[in-house]
Amino acid sequence: MRIGHGYDVHRLVEGRKLIIGGVLIEHSLGLLGHSDADVLLHAVMDSLLGAAGLGDIGKHFPDSAQEYKDVSSVVLLKKVANILDENAYIIENIDATIIAQKPKLAPYIEKMKEVICSTLKISLNQLNIKATTEEGLGFTGNESGISAHSVCLLNSVRDAFYVSRDMKDCTACDGCRGKG
């Protein structure tokens, strides 16, 4: 099993849509970034890539690349899912927290879960999303920005133990020392 952590933050500005978890949120401000600046999906992607030991979203989708300018982070999340598949990783679960003073995000969380789970091809019970405020403290508390944390657990098909038919090459434990 492999654990990954991701964190992202973006500044709130006028003239941008607010997209979190692949969902358009009604708000007077949006997040500034090269892509759609979806802090939740960016944190989730970084946790997944980190757990797999495959770098981060900056490595795979650099903000210097014009092809990612204003791209939907759902598109990038799908690419991360493909990278995990190519490297034989299976998502066990993801737990994420969005930190924002405003807007209230509870009405959008189920839709966020649907978008993320559909994109990653995981069950709804494999993803938990929470939203909290910082009680008016810090950059999220004074509504300058929004941040998100994500923690995930991956399993690797390649790391699974191998047991031969005659058990002589068993790598499951030391108990029988290959004697079945």
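Buried means under 20% relative accessible area, with a 1.4 Å probe and protein chains only. Keep that cut-off in mind for this tour.

The model is predicted: local features need pLDDT of at least 70, side-chain atom pairs count only at pLDDT 80 or more, and totals for chains, interfaces and linings use all residues. Residues are numbered from 1 along each chain as its sequence is written, and side-chain values use heavy atoms, leaving out hydrogens and water.

**Whole chain.** Show the protein chain. It has 5 helices and 7 strands, taken from DSSP runs (helices: H or I, at least four residues; strands: E, at least two). From the N terminus, the order is β-β-β-β-α-α-α-β-α-β-α-β. Of its 180 residues, 47% count as buried.

**Helix α1.** Select residues 39–51. These 13 residues reach 18 Å from first C-alpha to last. Now colour the buried residues, among them V39, H42, M45 and L49. Step just past α1 to G53, where phi is positive, about 70 degrees.

**Largest pocket.** Select S35, H42, I57, F61 and D63. Of the 14 lining residues, these are the closest to the centre of the largest pocket. A pocket here is an open set of points on a 1 Å grid where a 1.4 Å probe fits, with protein on both sides within 12 Å along at least five of seven lines; lining residues have an atom within 4 Å of a point. Next, show β1 (2–13), α1 and α2 (57–60): each supplies at least two residues of the lining.

Definitions and conventions. Expected span 1.5 Å × (residues − 1). Buried < 20%, exposed > 50% of the residue type's maximum accessible area, 1.4 Å probe, protein only.
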